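Keep the 3D view open as you read.

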Amino acid sequence: MGKVTGFMEYERLEEGYMPVAERLKHYKEFVVALDDSQAKIQGARCMDCGTPFCNNGCPVNNIIPDFNDLVYQGDWQNAITVLHSTNNFPEFTGRICPAPCEAACTINVNGDAVGIKSIEHAIIDKAWANGWVQPQPPKHKTGKKVAVVGSGPAGLAAAQQLARVGHDVTVFEKNSRIGGLLRYGIPDFKMEKSHIDRRVAQMEAEGVVFKTSTLIGAMPEGSKVTNDAKTVISADELKAQFDAVVLTGGAEQSRDLPVPGRDLDGVHFAMEFLPQQNKVNAGDKLKNQLRADGKHVIVIGGGDTGSDCVGTSTRHGALSVTQFELMPQPPEQEDKPLVWPYWPLKLRTSSSHEESAEKGILQREFAISTKEFIGKNGKLTGLKTVHVEFKDGKFIEVPGTEKEYKADLVLLAMGFVNPVASVLDAFGVDKDARGNARATTEFTGGYATNVAKVFAAGDMRRGQSLVVWAIREGRQAARAVDEFLMGYSDLPR
């Protein structure tokens, strides 16, 4: 695969970024992708390793050595065919996937992994540019009707697969635009939403019907989950109208921080903050957009959502951005022989961190816990913290480390606990201990819930996870539904 000696001859080349000063002026993507010659050299680094751990490191099991070799050979059209055989939306994963495939790359055991994600990015962008991504309408219709509830990556993948084998598929989305957390949870500077729009156009040409601003079931009163629904359809109505229902909503219930002062004006979930900016970018007029202009911002949570809050706050013009992480600071470099081929724990500095640091407004704190939000006249003015250490299975406060931080805006980005329970309850679907839909991934009857003809996939079934895992689950659930409806299925698992 690639060039046999390529990994010894060529260095890993990272995708570039536009200068910070330039990219902070807008919300557009700023990654400088590899050109054809650079991608060819990176493909050449894919060694003939015998056992390509990258395939298993990738949740959709992309056939990575093959498309790397095809890029090296200059056969881009076959490269996209191979890539699409396992991944419906490589333009999503090529931009926002953390690339567990690269962590599993054989070269990564003692060197720099093949730039698999950058090659994937180059393949799909070239495919779109050359008109190689075309609708694939079914040759025959089955007469079966399938409802997909939720239009995130799991729902889109399931819908596309089911439509291509001839089922009549309708996707229901409670918000005004298609995409789920792809649309409203990921900033445009990481992934512009035109990538979703052209996939929706492709899927409509394949026969998929999209119904937006339509809530299935119910939403809890006072919920902070983004919801633009103008129409509500009951679970019983949906089951009566369709031969199968696939629940693919996201894990949208944010983890809260119930400490004193939580009700102060100025403490918000990250998923109140991020979707609003995406709506504004799309042209929506919001009366009271939650913004960070001229504010001291504290982001509680050290993951991707927290990083997205940092990047968005910096673009707003925050005076300072401080990010808290409960866990201790990980090492800058992992012990590769110890952790390879698994996902390593190491310090990760995102492009948003780099932007805020260059502006001199970023502070990152580790092993820190928030004890109380403080304010005046109902408005947030700061918070009290203490450093912690992990002992005997729990976090212990370190005496003498109490501190107060000034804050005008606090964004809670501590992850998501489960999908909205009322949706599952409306269908009568059993939940597991974490509040997700209970459904197995067995070959026979996989993704089926306890309710007849109701299936679940993606975050709805497995909980908060990656876009690439959602695509995998959507594809596999589609096969399970097809088998349920037809008695057999030719769709890949």
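A residue counts as buried under 20% relative accessible area, as exposed over 50%, and as partly exposed in between. Asp 284, at 22%, is therefore partly exposed. The model is a predicted one.

Start with the partner of Asp 284. Arg 177 forms a salt bridge with Asp 284, and the closest N and O atoms are 2.9 Å apart. Arg 177 sits in the loop between β4 (168-172) and α11 (181-184), while Asp 284 sits in the loop between α14 (270-281) and β11 (296-300), so the pair ties together parts 107 residues apart in sequence. Arg 177 has 23% relative accessibility, so Arg 177 is partly exposed as well.

Salt bridges with shared partners also build a network: Arg 12, Glu 14 and Glu 102 are joined in one. The structure holds 28 salt bridges. Side chains of opposite charge can pair when their charged atoms come close.

Now look at Glu 206 and Arg 164. Their side chains meet in a salt bridge, 2.9 Å from N to O. This pair links distant parts of the chain, 42 residues apart. Glu 206 lies in the loop between α12 (194-205) and β5 (209-211), and Arg 164 belongs to helix α10 (residues 153-164). Is Glu 206 buried or exposed? Glu 206 is buried, because its relative accessible area is 2%. Arg 164 is partly exposed, at 22%.

Lys 3 and Glu 9 make another salt bridge, with closest N and O atoms 2.9 Å apart. Lys 3 is partly exposed at 25% relative accessibility. Glu 9 is partly exposed too, at 43%.

Turn to the interior. In soluble globular proteins, nonpolar side chains tend to be buried together. Here the largest nonpolar core has 66 residues, and Phe 67 and Ile 123 touch the most other members. Helix α20 (residues 467-486) gives the most to this core, with 8 residues. A second, separate core has 23 residues, including Val 225, Ile 233, Ala 235 and Val 423.

Go back to Phe 67. Neighbours within four places in sequence aside, Phe 67 is in contact with Asn 62, Ala 79, Val 82, Leu 83, Ile 116, Ile 119 and Ile 123.

Which residues make a nonpolar surface patch of about 360 Å²? Leu 326, Met 327, Phe 390 and Phe 395 make the patch. Phe 395 is placed in strand β16 (residues 394-397). Phe 395 is partly exposed, with a relative accessible area of 31%. Patch members need over 30%, so Phe 395 at 31% passes that cut-off.

Terms used: Residues numbered from 1 in each chain as written. Predicted model: local features only at pLDDT ≥ 70, side-chain atom pairs only at ≥ 80, totals over all residues. Heavy atoms only, no water. Patch = residues over 30% accessible without salt bridge, like charges linked within 9 Å, V, L, I, M, F, W, Y side chains within 5 Å. Areas by Shrake-Rupley, 256 points an atom, 1.4 Å probe, with all protein chains shown as cover. Salt bridge = Lys/Arg side-chain N within 4 Å of Asp/Glu carboxyl O. Helix = DSSP H or I, 4+ residues; strand = E, 2+ residues; numbered from the N terminus. Buried < 20%, exposed > 50% of the residue type's maximum accessible area, 1.4 Å probe, protein only. Core = buried A, V, L, I, M, F, W, Y, C linked by side-chain atoms within 4.5 Å. Contact = heavy atoms within 4.5 Å.
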